[in-house]
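The following paragraphs guide the reader through one protein model. Please keep the sequence and the structure in view while reading.

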Amino acid sequence: MAQDTEETLLAFQDRIGHRFGSHRLLERSLTHASVQQDDPEAENNQRLEFLGDAVLQLVVSEELHSLYVEDREGELTRRRAILTRGSFLADLARQLGVHEVLRVSASERASRGHERDAALEDAMEALAAAIYLDAGWETARRVVLAWLGDIPAHLAGSDQEANPKGRLQELVQPQHGNSALAYKLLGTEGPPHRRRFEVAVMLFDDELGRGTGASKKEAEEVAARAALRRWADRHG
């Protein structure tokens, strides 16, 4: 491995808060399935995603159970969904610089696939699993909680944008009317049990934002949030 790559991965491990004993686990967690187009023998991170999803769910569930002692099951479930949804994990991945070290095929990199929410979410799940396998539960729990940071603050911010589609409609309607917005399904990918949807929100013929998610509803909400950011940039 080139020296600059080794140094980049060392810096990345410092950012995520864990130095791997198994370099193979780290590399596998950062290898997108598309790499096999260029290198059929490469190990990808799909199996680690499966395990990492469970690791993240348990870390978050345990912490919420401790933080919100008065909450009923339904509210705890809602809070967990916010902290483990694809867009939130993708944002964490960008903060940690996952997109800078994620291995994808040449064609995927050319289309900026290493920066897509779906690829970043999968990598975060795979990283959580890799840390768990490399160093055990307590280390995985500590590292994941450090990624999450101030959980009550994240939840408060999410509550403010809990209905992004409704907020976008409120902003658009006075100028353009009730029927100006439309959500367009751009495509789906992945096996049936891990389907990913990509959706664009359109203002007439103008694309305001796009997003991906595990359901059309989640993808539409991610697209609406992107559109809200663009609307704020345009209109202040």
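V201 stands opposite G209 in β3. Strand β2 (residues 196-203) and β3 run antiparallel and are joined by seven bridges; two strands count as paired if DSSP finds at least two bridges between them. The model is predicted, so local features need pLDDT of at least 70 and side-chain atom pairs pLDDT 80 or more, while totals for chains, interfaces and linings use all residues. Residues are numbered from 1 along each chain as its sequence is written, and side-chain values use heavy atoms, without hydrogens and water.

The open sheet has three strands in the order β1-β2-β3, with antiparallel pairing. Because β1 (181-189) and β3 (206-213) each have a single partner strand, one side of each edge strand is left without a neighbour in the sheet.

Two helices accompany this sheet. Helix α11 (residues 164-176) lies across β1 and β2, at about 140° to β1; such angles run from 0 to 180 degrees between N-to-C directions, and axes are lines fitted to C-alpha atoms, for helices over the stretch in contact. Helix α12 (residues 216-235) packs on the sheet and touches β1, β2 and β3, where contact means heavy atoms within 4.5 Å.

Elsewhere, the helix α9 (residues 137-148) includes the buried residues T139, V143 and W147, buried meaning under 20% relative accessible area with a 1.4 Å probe, protein chains only. Just after α9, G149 takes a positive phi of about 70°.

Methods: Buried means under 20% relative accessible area, exposed over 50%, partly exposed in between (1.4 Å probe, protein chains only). Helices (H or I, at least four residues) and strands (E, at least two) are DSSP runs, numbered from the N terminus.
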